[in-house]
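I opened my notebook today to look around a protein structure and write down what I found. Come along and check each entry against the picture.

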Amino acid sequence: MPDGNDSNQSRGADDAPTLVSVAILAFILADVAHEGFGHGLGFYLAGGQSSMLTTTRLIEWVKLGDPQWRIFDLGGPAGNVFFAGLAWIGQRWVRGRAPRLQLFLWLVMTFSLFWAFGYLIFCGVLGRGDWIALVEGTKYVWPGRLVFVVMGIALYRASISLAAREMRWIVPAHGTNVKSRLTRLVRICYISGGLIACAGAVLDPRGPMEILNSGALSSLGAAVGLLYVTNSFLRLPEKYSPADTFIPRDWPWIVAAAAGTIYYIAILGPGILLWFGNRAGTL
């Protein structure tokens, strides 16, 4: 009797539970890159002492002065860009092998880039958010917001193109039903990232509105570029392509995603306390 992997290969489809699991773990890491690593490091460098880290933000108990708060705010997007770069480098180490790990790194990169540059557009349009720290309190607020929108759109489009090029190392351009396969893959990953982001905000101490204000916005809103990867992928010239194989069921990834989901919703969702000591003299 064929096992799950064999039947999956014979159907000619990537295993959905594995795709969901990889996407969940990738989004959790992109979130931690923004809120934990980015804002956390910014908070530390700004001289912050105590705070609460949730899935949607790093809540500081005492508001930081100027310019310390700017370092803190800009840390979030910087964390996303940094982790996207690490994931981009990591993909080069696993090319041609470990397709699940390669997809994970691809999703960390795309979730992170779309979050950082989608947020740039958001800040330019609405005049609030992390990137506004670059211009708030100066005479360049309105010119800055215009620059944010223009640069954000350009960088977001470039991120879609980069994601499409990197996907060529995971899904072969010459494969059977490549358009339908890639459309299914990115939709599953997009929805999975959105669901875990919203679920992570259910127990947020700031209230259930964070499900929409932060969870949905940082995932379903920011990562909508995933849905445009397929068309960009199909327009690329065929210069390289991996073997035409599908992602089989992988129980270690599924178990890891289940454990990560429990921690993300039940532990990180309500918030964990961070203490950096008495560093009031910093900066």
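**Entry 1: the strands**

I am working with a predicted model. I began with S51, and found that its bridge partner in β3 is L274. That pair belongs to a set of four bridges between strand β1 (residues 50-53) and strand β3 (residues 272-275), which run antiparallel.

Next I looked up M52, whose bridge partner in β2 is I59. Here β1 pairs with strand β2 (residues 58-60), again in the antiparallel sense, over three bridges. I also noted that β1 and β2 form a hairpin, with four residues between them.

**Entry 2: the salt bridges**

How many salt bridges does a search of the whole structure find? I got nine. As a reminder to myself, side chains of opposite charge can pair when their charged atoms come close.

I looked at E210 and R57 to start with. Their closest N and O atoms are 2.7 Å apart, and the two form a salt bridge. E210 sits in helix α7 (residues 210-221) and R57 in the loop between β1 and β2, so this pair ties together parts that are 153 residues apart in sequence.

Then I turned to R92 and E166, another salt bridge, with 2.8 Å between the closest N and O atoms. This pair links distant parts of the chain: R92 is in helix α3 (residues 68-93) and E166 in helix α5 (residues 141-167), 74 residues apart. Are these two buried or partly exposed? R92 has 29% relative accessibility and counts as partly exposed. E166 has 4% and counts as buried.

My next pair was R100 and D250, a salt bridge whose closest N and O atoms are 2.7 Å apart. R100 belongs to helix α4 (residues 99-126), and D250 to the loop between α8 (229-235) and α9 (251-268), so the bridge ties together parts 150 residues apart in sequence. I found both R100 and D250 buried. I also noted that R57, R206 and E210 are joined into one network by salt bridges that share partners.

**Entry 3: helix α9**

At 1.5 Å a residue, its 18 residues should span 26 Å, and the end C-alpha atoms are 24 Å apart, which agrees.

Which residues of α9 are buried? I listed W253, I254, A257, G260, T261, Y264 and L268. Looking down the axis of α9, I saw these buried residues fall within an arc of 135°, so they line one face of the helix.

What covers the buried residues of α9? My list includes α2 (16-45), β1, α4, α6 (178-200) and β3. On the face turned away from the buried side, I found the exposed residues W251, P252, V255 and I262.

I picked one more residue of this helix, I265. With a relative accessible area of 24%, I265 is partly exposed. Leaving out residues up to four places away in sequence, I265 touches I196, A199, G200, L203 and P270. I also took the distance from I265 to I121: their C-alpha atoms are separated by 28 Å, and the two are 144 residues apart along the chain.

**Entry 4: the nonpolar cores**

I kept one general idea in mind: in soluble globular proteins, nonpolar side chains tend to be buried together.

The largest nonpolar core here has 60 residues, and L103, W106, L107 and M167 touch the most other members. Which elements give two or more residues to this core? I wrote down α2, α3, α4, α5, α6, α8 and α9. The one that gives the most is α4, with 13 residues.

Not counting residues up to four places away in sequence, M167 touches L103, W106, L182, L185 and F233.

Terms used:
Residues numbered from 1 in each chain as written. Predicted model: local features only at pLDDT ≥ 70, side-chain atom pairs only at ≥ 80, totals over all residues. Heavy atoms only, no water. Pairing = 2+ DSSP bridges. Salt bridge = Lys/Arg side-chain N within 4 Å of Asp/Glu carboxyl O. Buried < 20%, exposed > 50% of the residue type's maximum accessible area, 1.4 Å probe, protein only. Expected span 1.5 Å × (residues − 1). Arc of directions from axis to C-beta. Contact = heavy atoms within 4.5 Å. Core = buried A, V, L, I, M, F, W, Y, C linked by side-chain atoms within 4.5 Å.
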